[in-house]
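This report walks through one structure for a reader who meets it here for the first time. Please keep the sequence and the 3D view at hand while reading.

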Amino acid sequence: MIHIYDELCSYCGSCIAVCPENIIDLIDLHLEIDQPKCTHCAKCIKGCPVGALAMEYRDKIYYPEYEGRGLF
Ligand code: SF4
Ligand code: SF4
């Protein structure tokens, strides 16, 4: 699933624009992702300018674009 760091999100909408499945929504200043429909393409993670998204699998977080920047 996609993990959202709400505190980092600037609500720019980039992830919404790049998601090929069109399953990301901004509702009341909170990002909602229809997780069961996610294909794990990671386009939203790479498209986020502030690193507010990461891939989460079996309680582990994979953060390819921002690894080593000390965010977690
Ligand atoms: S990983 Fe791909 S399908 Fe899943 S929410 Fe992100 S852009 Fe959409
Ligand atoms: S691209 Fe990143 S900062 Fe922009 S709305 Fe999506 S999660 Fe938030």
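Two residues are said to be in contact if their C-beta atoms, placed from the backbone, lie within 7 Å. In that sense Gly-47, leaving aside its neighbours within four places in sequence, is in contact with Ser-14, Cys-15 and Val-18.

The model is predicted, so local features need pLDDT of at least 70 and side-chain atom pairs count only at pLDDT 80 or more, while totals for chains, interfaces and linings use all residues. Residues are numbered from 1 along each chain as its sequence is written, and chains are lettered from A and ligands numbered from 1 in the order in which they are written.

**Overall layout**

The chain holds 2 helices and 5 strands, where helices (H or I, at least four residues) and strands (E, at least two) are DSSP runs, numbered from the N terminus. Read from the N terminus on, these elements follow the order β-α-β-β-α-β-β. Of the contacts in the chain with a separation of 6 or more, 47% are accounted for by residues 24 or more positions apart. A residue is called buried if 20 or more other C-beta atoms lie within 10 Å of its own, exposed if 12 or fewer, and partly exposed in between, with C-beta atoms placed from the backbone. By this rule, buried residues make up 17% of the 72 residues in the chain.

**Strands and hairpins**

Strands of a sheet pair through backbone hydrogen bonds, either parallel or antiparallel. Two strands pair here if DSSP finds at least two bridges between them. An open sheet is formed by 3 strands in the order β1-β4-β5, with antiparallel pairing. Because β1 (2–4) and β5 (60–62) stand at the edges with a single partner strand each, one side of each is left without a neighbour in the sheet. On average, and with direction ignored, neighbouring strands of this sheet are turned by 45° against each other, the axes being lines fitted to C-alpha atoms, for helices over the stretch in contact, with angles that run from 0 to 180 degrees between N-to-C directions.

| Strand pair | Bridges | Partner residues |
|---|---|---|
| β1 and β4 | 3 | Ile-2 and Met-55 |
| β2 and β3 | 4 | Leu-26 and Leu-31 |

In a regular strand the side chains alternate between the two faces of the sheet.

Most residues other than glycine have a negative phi, and most peptide bonds are trans. In the hairpin of β2 and β3, which has 2 residues between the strands, Asp-28 takes a positive phi near 50°. The hairpin of β4 and β5 also has 2 residues between its strands, and there Arg-58 takes a positive phi near 50°. Tyr-11, in the loop between β1 and α1 (14–18), has a positive phi near 60°, and Tyr-11 counts as exposed because it has 11 C-beta neighbours inside 10 Å. Asn-22, in the loop between α1 and β2, has a positive phi of about 55° although it is not a glycine, and with 10 C-beta neighbours inside 10 Å Asn-22 counts as exposed.

**The nonpolar core**

A nonpolar core is a set of buried Ala, Val, Leu, Ile, Met, Phe, Trp, Tyr and Cys residues joined through C-beta atoms within 7 Å. The largest one has 12 residues, among them Ile-4, Cys-15, Ile-24, Leu-31, Ile-45 and Leu-53. At least two residues of this core are supplied by each of β3, α2 (43–47) and β4. Ile-24, leaving aside its neighbours within four places in sequence, is in contact with Cys-15, Ile-16, Cys-19, Leu-31, Ile-33 and Cys-44.

Gly-47 has its place in helix α2 and is partly exposed, with 16 other C-beta atoms within 10 Å. The C-alpha atoms of Gly-47 and Gly-13, which are 34 residues apart along the chain, are separated by 9.7 Å.

**The two ligands**

A residue is near a molecule if its C-beta atom, placed from the backbone, lies within 6 Å of it. Around ligand 1 there are 13 residues, of which Cys-19, Cys-38, Cys-41, Lys-43 and Cys-44 come nearest. Ligand 2 is surrounded by 13 residues, and the closest are Cys-9, Cys-12, Ser-14, Cys-15 and Cys-48.

For the classes, Ala, Val, Leu, Ile, Met, Phe, Trp, Tyr, Cys and Pro count as nonpolar, Asp, Glu, Lys and Arg as charged, and the others, Gly among them, as polar. The shell around ligand 1 has 9 nonpolar, 2 polar and 2 charged residues, whereas the shell around ligand 2 has 9 nonpolar, 4 polar and no charged residues.
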